[in-house]
Amino acid sequence: MAGGRAGAGAGAGALLALLALRALRAASHPQCLDFRPPFRPPRPLRLCAQYSAFGCCAPEQDAALAGRLGALAARVDPGLWASCAGYALDLLCQECSPYAAHLYDAEDPSTPLRTVPGLCEDYCLDMWQTCRGLFRHLSPDRELWALEGNRAKFCRYLSLDDTDYCFPRLLVNENLNSNLGRVVADAKGCLQLCLEEVANGLRNPVAMVHAQDGTHRFFVAEQVGLVWAYLPDRSRLEKPFLNISLAVLTSPWEGDERGFLGIAFHPRFRHNRKLYVYYSVGVDFDEWIRISEFRVSEDDGNTVDHKSERIILEIEEPASNHNGGQLLFGDDGYLYIFTGDGGMAGDPFGKFGNAQNKSALLGKVLRIDVERGERGPPYRIPPDNPFVGDPAARPEVYALGVRNTWRCSFDRGDPASGAGRGRLFCGDVGQNKFEEVDLVRRGGNYGWRAREGFQCYDRKLCANASLDDVLPIFAYPHKLGKSVTGGYVYRGCEYPNLNGLYIFGDFMSGRLMSLREKQGTGQWRYSEICMGRGQTCEFPGLINNYHPHIISFAEDEAGELYFMSTGVPSATAARGVVYKMIDPSRRAPPGKCQIQPAQVTVKSRLIRFVPKEKFIRRADSTPRPTARATTKAPRPSRPTAPRPAPTPQPARPTRRPGGRRGGGRRRGRPGTADPAPSDGAVRLVRPAGLSPGRGRVEVFAGGRWGTVCDDRWDIKAAGIVCRQLGFAYVVRATRRAEFGEGRALPILLDDVRCAGSEKTLLECTHAGLGTHNCGHQEDAGVVCSREDPDL
């Protein structure tokens with residue numbers, strides 16, 4: 001650290017060496033005072049140089065701290081400053097520490113910020129000897145000033161409950177610093193990310209797209225045939241952007257694969273106002289898929305002119321499943337259409353199936369040119385399509401041999417070098433053994449039905465030397481999931497660690513997964529993605545759980561990554577949520593990723609976004625959600641094996657919305673038990689490993705145990721609990737289920753208000769036994785002590 005400290009340097013060095021030997025293990029949780037992850041400054045810091053590689057200060061903040069240090073030097077007695085300038089520099093620069101939020105008790109934005117970072121006791125005792133007068137200039141906290149003459153109370157006041165994070169111990173804690181700034185992985189290698197809720201109340205949200213027009217709006221399509229427009233602030237327009245629900249063929253059956261399946265905006269949408277949609281239609285027992293062009297209304301840029309529909313292509317569907325559904329525009333300006341193999345099991349159509357039949361449009365990737373004159377054909381064939389001139393092939397075919405591609409994406413390329421740009425990734429849903437991810441190229445044959453994943457499915461066809469199929473870059477067995485949902489390579493600005501990571505999921509198991517290419521080898525490294533454990537996701541606005549059925553992934557106009565899932569995979573159940581993926585370990589420097597959306601004229605009423613999902617406290621990461629059982633649709637589907645333990649699930653159709661909800665906290669053990677409790681008795685329940693005197697409060701009343709809600713919960717109520725349990729002192733009243741949620745119990749008390757003289761909580765005023773308006777995420781707790789905490 002920069003800055004001298006007369007008479008203290010040698011002692012501090014010895015202290016740091018001692019601390020290095022006894023560094024404690026702790027759960028890493030880097031966070032800045034703005035409640036966001038740390039970052040790498042765009043250039044070295046001059047004052048707080050130790051945080052130039054990674055921390056919470058940009059050069060502008062570093063310069064402001066230098067100004068504060070200079071002003072402090074001007075106010076402090078020169079003799080004191082000569083001895084204490086190093087200490088002053090140390091303390092000011094902790095605002096740049098990657099653990100600043102923990103040092104300043106800022107992780108909960110509703111609590112007051114410390115004015116001085118939390119200090120380790122040895123360091124504080126050493127500083128107090130010569131520099132305690134410095135604190136009157138560093139901090140406006142008069143309570144701290146009043147303790148200046150009592151070294152023990154002074155340093156206890158500046159201490160942190162979690163001694164792993166106190167300064168300067170956290171500087172040498174190997175566990176806290178070894179992987180600082182990298183994506184956190186658990187013992188099994190599962191990458192721990194977090195989520196931010198973006199939209200909710202959607203009926204099977206099958207797609208989210210942007211118009212690439214500078215407005216940074218995003219458009220979410222529901223399976224029933226409605227598309228909603230959202231502004232950058234996440235407010236939704238009350239009037240649908242598109243409503244073709246009367247034409248779309250779908251049903252309320254869970255898992256029905258028919259419906260509105262895809263949408264893409266023309267690359268020159270800003271000028272021609274065109275967009276394209278992919279949906280199911282049917283009359284009697286005949287079903288087909290339709291690709292249509294629409295134009296946006298001349299009167300309202302947030303509404304489609306429904307009379308402008310022009311049908312581009314229709315393809316007959318022999319069965320109700322395997323409908324494909326993706327539309328994409330490539331850098332070449334052509335429209336890519338991704339179809340399924342026609343349904344049923346094993347692609348039973350014709351001698352080799354639809355997917356291997358070049359004269360069929362099913363089981364293919366198609367590429368067409370939708371630019372035309374007013375009186376020209378609906379589309380033209382790109383001259384470099386691979387089978388142009390082959391009389392046995394449809395010229396629209398770009399690639400073949402796919403079973404049911406569900407969600408494909410083009411790689412934007414590395415933001416700096418452009419590497420990877422234009423690569424086409426697809427998730428292809430398997431039959432009954434494997435799911436796969438393919439890199440699709442011009443003219444490629446991806447093997448179905450000869451091959452499923454890396455293994456032969458139709459052995460006779462698989463042995464055909466002329467097959468020349470392209471193997472997937474990754475395939476996984478059905479013990480991991482039974483219906484892949486393709487994703488995106490992250491190329492956004494906000495989370496540099498994720499650059500180049502292909503993130504995808506599985507509709508059936510709810511797993512989030514990732515692949516990263518090993519440079520120069522063509523091989524891909526797999527990592528599962530888990531919701532962050534412990535405090536990893538405990539940032540304001542972030543959550544660590546999602547609904548079970550992962551339907552689709554998306555990018556916004558800036559390249560940030562999202563996915564959509566639902567709790568009930570029915571086209572009529574409004575249980576769908578859009579989530580943004582967040583890396584809590586590192587962000588881009590402040591200001592780097594700012595966007596300036598083009599102004600949009602809004603004529604519809606705006607519906608303000610209100611998040612509904614909650615952060616769930618739990619001790620361990622949860623790699624997969626637990627899905628509810630669903631009802632099969634009454635139609636043919638591929639066979640599916642039972643889901644592996646511990647959460648078996650009945651078979652369901654091949655593909656459509658799925659996800660998960662993470663498990664709760666580990667159950668604690670009672671701190672005090674009463675074999676024959678009377679009304680008003682209390683006990684503390686705490687996670688294993690915590691000392692007695694702290695835990696979640698449970699009260700006995702009306703013949704049952706229950707929890708207490710933390711509304712109005714304060715030190716007076718906590719003191720009554722501590723005295724009942726034989727503790728002379730109360731240290732603090734805890735809130736927000738700090739010691740876990742008592743979900744197995746009813747909530748018995750809410751709005752508890754005590755004078756402090758009552759014998760039990762039942763004597764305090766409260767909302768009434770069993771009456772409450774809270775959830776278990778607000779379970780109250782206490783920390784009690786047998787010794788005076790102020791001594």
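Is Cys-93 buried or exposed? In this predicted model, Cys-93 is buried, its relative accessible area being 0%.

- The bond links distant parts of the chain, since Cys-48 sits in the loop between α1 (9-21) and α2 (59-75) while Cys-93 belongs to helix α3 (residues 78-93), the two being 45 residues apart.
- Cys-48 has 0% relative accessibility and therefore counts as buried, the cut-off being under 20%, and Cys-93 is likewise buried at 0%.

**Disulfide Cys-408 to Cys-426**

- Cys-408 and Cys-426 are bonded with their sulfur atoms 2.1 Å apart, and a torsion of about 115 degrees about the S-S bond means that the disulfide is right-handed.
- This pair connects two strands, with Cys-408 in β15 (residues 405-410) and Cys-426 in β16 (residues 424-428), and the cysteines are 18 residues apart.
- Both Cys-408 and Cys-426 are buried.

**Disulfide Cys-493 to Cys-593**

- Cys-493 is joined to Cys-593 with an S to S distance of 1.9 Å, and the S-S torsion is about -80 degrees, so the disulfide is left-handed.
- Both ends of this bond fall in loops, Cys-493 between β21 (484-489) and β22 (501-506) and Cys-593 between β27 (576-582) and β28 (606-607), so that distant parts of the chain, 100 residues apart, are linked.
- Cys-493 has a relative accessible area of 24% and is partly exposed, and Cys-593, with 22%, is also partly exposed, because buried requires a value under 20%.

**Cavities**

- The count comes to two cavities of 30 Å³ or more, and the largest cavity has a volume of about 60 Å³.
- The lining of the largest cavity includes Arg-403, Asp-428, Phe-434, Glu-436, Tyr-446, Trp-448, Arg-451 and Glu-452, and the elements that give two or more residues to this lining are β17 (434-440) and β18 (451-452).

Key. Residues are numbered from 1 along each chain as its sequence is written. This is a predicted model: local features need pLDDT of at least 70, side-chain atom pairs count only at pLDDT 80 or more; totals for chains, interfaces and linings use all residues. Side-chain values use heavy atoms; hydrogens and water are left out. On a 1 Å grid over the protein atoms alone, a cavity is a set of points where a 1.4 Å probe fits but cannot get out, and a pocket is an open set with protein on both sides within 12 Å along at least five of seven lines; lining residues have an atom within 4 Å of a point. Grid points are joined across faces, edges and corners, and a volume is the space filled by probe spheres set on the points. Helices (H or I, at least four residues) and strands (E, at least two) are DSSP runs, numbered from the N terminus. Buried means under 20% relative accessible area, exposed over 50%, partly exposed in between (1.4 Å probe, protein chains only). A disulfide is a pair of cysteine sulfur atoms within 2.5 Å.
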